[in-house]
Amino acid sequence: MGFAAAVGAFLAFSGAFISGDPPLTLRLAYWVPLMVAGGAWGHLCSVVVCRWIDPAERPWLDALVLTVLIALPMTLVVWAVTGLMFQGRMYPLAVLPAFLLPVGIVSLGMSVLNIFISRGRTVRTHAAAADAGPARFLDRLPPRLKGARLIAVQAEDHYLRLHTDRGSDLILMRLSDAVAELEGLEGAQVHRSWWVAREAVRDVSRGDGRARLTLDGGLTAPVSRVHARRLRAEGWW
């Protein structure tokens, strides 16, 4: 949301898409909440879309779908808020289509920035230094898995499936939050829904242009193309 608020502040200072010369305070009160609301809605849309489209493999399709899903309802919101804030009343419905293009442009820009910023890096975690404690994430292992060796973490809707050498179990957590706590274990997020421990990788196979890792215990994990190139260059396989 901080990124969306920063973009809103930039649009307010630049006076983008606003006719006349309203005071800066009014422009900030207009743009920042709208961008934060749009960012929150965009995040929800992204969570849903990522179930069917991997942004690392088809970024432009992901951006297009997200733009449509964000722009359509946000156009209605912007139409209502703009009329109330700058005219003191709702604009006529006939004016509504005129808002679609500017809202679509902003939505497309935000979608592309988010996708390509996240796509541009492979998130890795690193083994702990000799004098450091274990990864914080290990404290989240359910009691029956305490002390087990973590092989992989797989996102399943709002849950994470923890794969270990003693079996698997589910916890309620986001993968992005889990990866931050996995620092201290050597591994990487190889797919939008998978983190794997480097020492657990036993083999790699390719089919239909995609790589799959075979892990300890016969578990297999998909690897997005963009991550596959980087991890291969770093000697993961």
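What follows is a short exchange about a predicted model.

Colleague: What is the strand order in the open sheet of six strands?

Modeller: The order is β1-β5-β6-β2-β3-β4, and the pairing is antiparallel.

Colleague: Why is one side of β1 and of β4 left without a neighbour in the sheet?

Modeller: β1 (124-125) and β4 (167-172) stand at the edges. Each has a single partner strand, so one side of each has no neighbour in the sheet.

Colleague: Which helix packs on the sheet, touching β1 and β5?

Modeller: Helix α6, residues 225-233. Its direction makes about 150 degrees with that of β5 (187-191).

Colleague: How do you know that β2 and β3 pair?

Modeller: Pairing needs at least two bridges. Strand β2 (residues 150-156) and strand β3 (residues 159-164) have six, in the antiparallel sense. For Gln154, the bridge partner in β3 is Arg161.

Colleague: What makes β8 and β9 a pair?

Modeller: The cut-off is again at least two bridges. β8 and strand β9 (residues 220-223) have four, in the antiparallel sense. Thr214 stands opposite Thr220 in β9. The two strands form a hairpin with four residues between them. In the turn, Gly217 has a positive phi of about 80 degrees.

Colleague: Which residues of β8 lie on the covered face, and which on the uncovered one?

Modeller: Ala211, Leu213 and Leu215 make the covered face of β8 (residues 210-215). Arg210, Arg212 and Thr214 make the uncovered one. In a regular strand, side chains alternate between the two faces of the sheet.

Colleague: Where is the kink in helix α3 centred?

Modeller: On Met74. The bend there is the angle between axes fitted to the seven residues ending at that residue and the seven starting there. The kink in α3 (residues 59-86) is about 30 degrees. Just after α3, Gly88 takes a positive phi of about 75 degrees.

Notes:
Residues are numbered from 1 along each chain as its sequence is written. This is a predicted model: local features need pLDDT of at least 70, side-chain atom pairs count only at pLDDT 80 or more; totals for chains, interfaces and linings use all residues. Side-chain values use heavy atoms; hydrogens and water are left out. Contact means heavy atoms within 4.5 Å. Axes are lines fitted to C-alpha atoms, for helices over the stretch in contact, and angles run from 0 to 180 degrees between N-to-C directions. Buried means under 20% relative accessible area, exposed over 50%, partly exposed in between (1.4 Å probe, protein chains only).
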